[in-house]
Amino acid sequence: MKFKNTIVVTLTLIMFLSCATNPFTGKKTLAFVSNAQLFPTAFAQYNQVLTESKVETGTTRADMIKRVGQRIAVAAERWLNANGQQGYLNDYKWEYNLINEDIVNAWCMPGGKIVFYTGILPVAENETAIAAIMGHEVAHALANHGQQRMSAGMLQQGLAVAGNIAIKDDKTRNAFNQYYGVGSSVLGMLPFSRSHETEADRIGLYLTALAGYNPDEAAELWKRMAKASGGQAPPEFLSTHPANQTRITNLTALAPTAKAEAKKFGVSSFRPLGKY
C-alpha cells in the first residue's frame, strides 16, 4: 500500500510540475515535453514528409494555400497580441505546402508546419472553406494539442506500468492489462482527442473570421465532408473526431460568436467565397 501511495504522489507531482497554459482558454494543460524539445523534432519530420512527397509549387492552388495560411497566421498573432500573449509565436515557423496526392486531409505539425493534400480541394470547393480548414489546423498548433496528446500518451503508459508494478497477483494483473487498454482509450484518450477537435473548431472559426473569411462556410464545408465520406465513419464514442453532424451543429451555433469576435478587430464584412 505504501508503494502504491508513492506512485500516486509521484504521478500527481509530475502532472503538477509539467503543465502549460492554453492561451485561448486559460486552462492548464499537460506538457511533459516542452515546445523547445518538440518543435525541432516536428520540423525534421515535416521536412522528411516533403522530401518523400510530390510538393506542388507555383500553381494557382498552391499559391492560394500559402496566401490563406499567411492570413490565418496574421489573424492568430493579432488575437494573441490583443489578449496579452505578445511573443507567443516567437518559436513558430509557419510553412504551408500543397502535396499532390488524392487524400482528403490536411494537418499541422507542432510549431506551425502545415500540409494540404490536393484530394481535399474538390470537397472544399472554395477559398473560404480552405480558410476554415486552415484555421482549424493552425488552432491545433496554437493550443499545443500535439504536446498534450504526447503527454497524455506518456501518462497512459506510465499508469499501465504503475499498475503492473503495484498488482502482484498474475490473474488480477492480466485482467488489469486486458481492461485498462480498452478502458483508457474509450474513456480517456478518445474523448481527449475529440475535445481537441472541438476546441480547434472553435478557435479556428474565430481565426477564419478574423482573417476576413465568412465563418458560415465552415458548417457548409462539413456538410460536403459528410457527403464525401459516404457515411463511412465509426460511432462517435469510438472515434478521435466528433461525428460530422455534431461538428455541423457546433459550427453553425458558433458562427455568430466568431463574427462578433472579428468585429472587435474591425472586420465587419467578409471576402467572397473565392471559387477556384
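**Figure 1. Salt bridges of the predicted model.** Eleven salt bridges are present in the structure, which is a predicted model. Salt bridges with shared partners join R67, R71 and E127 into one network. Three further views below show the pairs R61 and E56, D216 and K259, and R224 and E217.

**Figure 2. The salt bridge between R61 and E56.** The side chains of R61 and E56 meet with an N to O distance of 2.7 Å. R61 is partly exposed, its relative accessibility being 31%. E56, by contrast, counts as buried because its relative accessible area of 11% lies under the 20% limit.

Figure 3. Leaving aside residues up to four places away in sequence, E56 touches R61, A62, L98, N100 and T118.

**Figure 4. The salt bridge between D216 and K259.** An N to O distance of 2.7 Å separates the side chains of D216 and K259 in this salt bridge. D216 belongs to helix α8 (residues 216–229) and K259 to helix α9 (residues 244–263), so the pair ties together parts that lie 43 residues apart in sequence. Both partners are partly exposed: D216 has a relative accessible area of 34%, and K259 has a relative accessibility of 29%.

**Figure 5. The salt bridge between R224 and E217.** The side chains of R224 and E217 meet at 2.9 Å, N to O. R224 is buried, with a relative accessibility of 18%. E217 is likewise buried, with a relative accessible area of 9%. Both values fall under 20%, so neither residue is classed as partly exposed.

**Figure 6. Confidence along the chain.** The mean pLDDT of the chain is 83, and 74% of the residues score at least 70.

Note on methods
Residues are numbered from 1 along each chain as its sequence is written. This is a predicted model: local features need pLDDT of at least 70, side-chain atom pairs count only at pLDDT 80 or more; totals for chains, interfaces and linings use all residues. Side-chain values use heavy atoms; hydrogens and water are left out. A salt bridge is a side-chain nitrogen of Lys or Arg within 4 Å of a carboxyl oxygen of Asp or Glu. Buried means under 20% relative accessible area, exposed over 50%, partly exposed in between (1.4 Å probe, protein chains only). Helices (H or I, at least four residues) and strands (E, at least two) are DSSP runs, numbered from the N terminus. pLDDT is the predictor's confidence in each residue, from 0 to 100. Contact means heavy atoms within 4.5 Å.
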